[in-house]
Amino acid sequence: IVNFTSNRNYTIDDIEQKWLDLVGKELGVTEWVQLTQKDLDTYSKLTYDHNWIHKKDAGKKGSPFGDTIAHGLLTLSMLP
């Protein structure tokens with residue numbers, strides 16, 4: 001991974017190549033994290049995102065996923 005603390009000046013091409021070199025490799029593998037409805041409710045309160053699809057029983061209310069789904073940014077924040 002690019003060390004941005006070094007004195008070297010990186011070009012966009014350098015950085016792009018570093019990313020391309022990582023394609024297909026496992027990065028930051030961790031244990032699974034299971035989110036509970038309480039986790040989603042807490043995140044909803046903190047972010048003021050009270051969309052129905054993140055609520056309990058979203059599946060019964062017509063969720064295209066058949067159940068409640070986690071917030072996209074919450075999921076994204078868990079990436080290594």
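The model is predicted. Its largest pocket holds about 320 Å³ of space, and a nonpolar surface patch of about 330 Å² is made by three leucines, Leu-73, Leu-76 and Leu-79. The salt bridge count comes to one.

**Largest pocket**

- Rolling a probe the size of a water molecule over the atoms shows where empty space is left.
- The largest pocket has a volume of about 320 Å³.
- Its lining consists of 10 residues, of which Thr-30, Glu-31, Trp-32, Val-33 and Met-78 are the closest to the pocket centre.
- Sorted by class, the lining of this pocket has six nonpolar residues, three polar residues and one charged residue.

**Nonpolar surface patch**

**Salt bridge**

- Side chains of opposite charge can pair when their charged atoms come close.
- In this model the pair is Asp-57 and Lys-60, whose side chains meet in a salt bridge with an N to O distance of 3.9 Å.
- That distance counts because a salt bridge calls for a nitrogen within 4 Å of a carboxyl oxygen.
- Asp-57 is partly exposed, at a relative accessible area of 36%.
- Lys-60 is exposed, with a relative accessible area of 75%.

- Most residues other than glycine have a negative phi.
- Tyr-48 is not a glycine, yet its phi is positive, at about 60°.
- Tyr-48 sits in the loop between H2 and H3, and it is exposed, with a relative accessible area of 71%.
- Asp-57 is not a glycine either, and its phi is positive at about 70°.
- The loop between H2 and H3 also holds Asp-57, the residue that takes part in the salt bridge with Lys-60.

**Thr-42 and helix H2**

- Helix H2 runs over residues 37-47 and contains Thr-42.
- Thr-42 is partly exposed, with a relative accessible area of 39%; it counts as such because the value falls between the 20% limit for buried and the 50% limit for exposed.
- Thr-42 and Thr-11 are 31 residues apart in sequence, and their C-alpha atoms are 41 Å apart in space.

Notes: Residues are numbered from 1 along each chain as its sequence is written. This is a predicted model: local features need pLDDT of at least 70, side-chain atom pairs count only at pLDDT 80 or more; totals for chains, interfaces and linings use all residues. Side-chain values use heavy atoms; hydrogens and water are left out. Patches are made of residues with over 30% relative accessible area and no salt bridge: like charges are joined within 9 Å, nonpolar side chains (Val, Leu, Ile, Met, Phe, Trp, Tyr) within 5 Å. Accessible areas come from the Shrake-Rupley method with a 1.4 Å probe; for residues, only the protein chains shown count as cover. On a 1 Å grid over the protein atoms alone, a cavity is a set of points where a 1.4 Å probe fits but cannot get out, and a pocket is an open set with protein on both sides within 12 Å along at least five of seven lines; lining residues have an atom within 4 Å of a point. Grid points are joined across faces, edges and corners, and a volume is the space filled by probe spheres set on the points. Ala, Val, Leu, Ile, Met, Phe, Trp, Tyr, Cys and Pro count as nonpolar, Asp, Glu, Lys and Arg as charged, and the others, Gly among them, as polar. Buried means under 20% relative accessible area, exposed over 50%, partly exposed in between (1.4 Å probe, protein chains only). Helices (H or I, at least four residues) and strands (E, at least two) are DSSP runs, numbered from the N terminus.
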